[in-house]
Amino acid sequence: MTDDKGSGPARTKTWTLRMDVFEEDEDVTKVDAALDTGERTLTSRSSAHRNPHDPPVPSIGDEYAAGRALLDLGKQLLREGTTDAAANDKHEKG
């Protein structure tokens, strides 16, 4: 394996995030999220449920459901990175 440190031009990649946010009813917001890295696509589904004592404000449900989906995608990315790093380490050590 070659050492890429300090050689060649900097890399630039574009990752695409798609989040579909929809209200199931005035009490439930759901989000389907997909992050396409060009090499793999990670997906997440989440939801937010309005507290019955709160007034209905759909944008708050959007924020909670989307935030939960983003947190899940972040956890998935960290797991993928940990797995890939361990595999790379094993490959380098032979």
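1. Strands here are DSSP runs of E, at least two residues long, and helices are runs of H or I of at least four, numbered from the N terminus. In that sense Thr29 has its place in strand S2, while Ala65 and Gly74 are found in helix H1. The model is predicted, and the points below should be read with that in mind.

2. The sheet. Three strands make up an open sheet, ordered S1-S2-S3, with antiparallel pairing. Strand S1 (16-25) and strand S3 (41-49) are at the edges; each has a single partner strand, so one side of each is left without a neighbour in the sheet. On average, neighbouring strands of this sheet are turned by 15° against each other, direction ignored. As a general point, strands of a sheet pair through backbone hydrogen bonds, either parallel or antiparallel.

3. Pairing of S1 with S2. These two strands run antiparallel and are joined by nine bridges. The hairpin between S1 and S2 passes through two residues.

4. Pairing of S2 with S3. Strand S2 covers residues 28-36 and pairs with S3 over nine bridges, in the antiparallel sense. Ala34 stands opposite Thr43 in S3, and Thr29 has Ala48 in S3 as its bridge partner. The hairpin of S2 and S3 has four residues between the strands, and in this hairpin Gly38 takes a positive phi near 90°.

5. The relative accessibility of Thr29 is 5%, and because buried means under 20%, Thr29 counts as buried. Leaving aside neighbours within four places in sequence, Thr29 is in contact with Val21, Phe22, Glu23, Ser46, Ser47, Ala48, Pro58, Gly61, Asp62 and Ala65.

6. Ala65 is buried, with a relative accessible area of 0%. Not counting residues up to four places away in sequence, Ala65 touches Thr29, Val31, Ser46, Ser47 and Ala48. Ala65 and Val21 are 44 residues apart in sequence, and their C-alpha atoms are 8.1 Å apart in space.

7. Gly74: buried, partly exposed or exposed? Gly74 is partly exposed, with a relative accessible area of 27%. The C-alpha atoms of Gly74 and Leu42 are separated by 9.7 Å, although the two residues are 32 residues apart along the chain.

8. The largest pocket. In general, rolling a probe the size of a water molecule over the atoms shows where empty space is left. The largest pocket holds about 310 Å³ of space. Its lining has 19 residues, of which His49, Arg50, Val57, Ile60 and Gly61 lie nearest the centre. S1, S2, S3 and H1 are the elements that give two or more residues to this lining, and H1 supplies the largest share, five residues. By type, the lining of the largest pocket divides into eight nonpolar, four polar and seven charged residues.

9. The second largest pocket. Its volume is about 160 Å³. The residues that line the second largest pocket are Lys13, Trp15, Thr37, Glu39, Arg40, Leu42, Leu77, Glu80, Gly81 and Asp84. H1 again gives the most, here with four residues. This lining divides into three nonpolar, two polar and five charged residues.

Methods:
Residues numbered from 1 in each chain as written. Predicted model: local features only at pLDDT ≥ 70, side-chain atom pairs only at ≥ 80, totals over all residues. Heavy atoms only, no water. Pairing = 2+ DSSP bridges. Axes fitted to C-alpha atoms, helices over the stretch in contact; angles between N-to-C directions. 1 Å grid on protein atoms, 1.4 Å probe; cavity = no way out; pocket = protein on both sides within 12 Å on 5 of 7 lines; lining within 4 Å. Points joined across faces, edges and corners; volume = space filled by probe spheres on them. Nonpolar A, V, L, I, M, F, W, Y, C, P; charged D, E, K, R; others polar. Buried < 20%, exposed > 50% of the residue type's maximum accessible area, 1.4 Å probe, protein only. Contact = heavy atoms within 4.5 Å.
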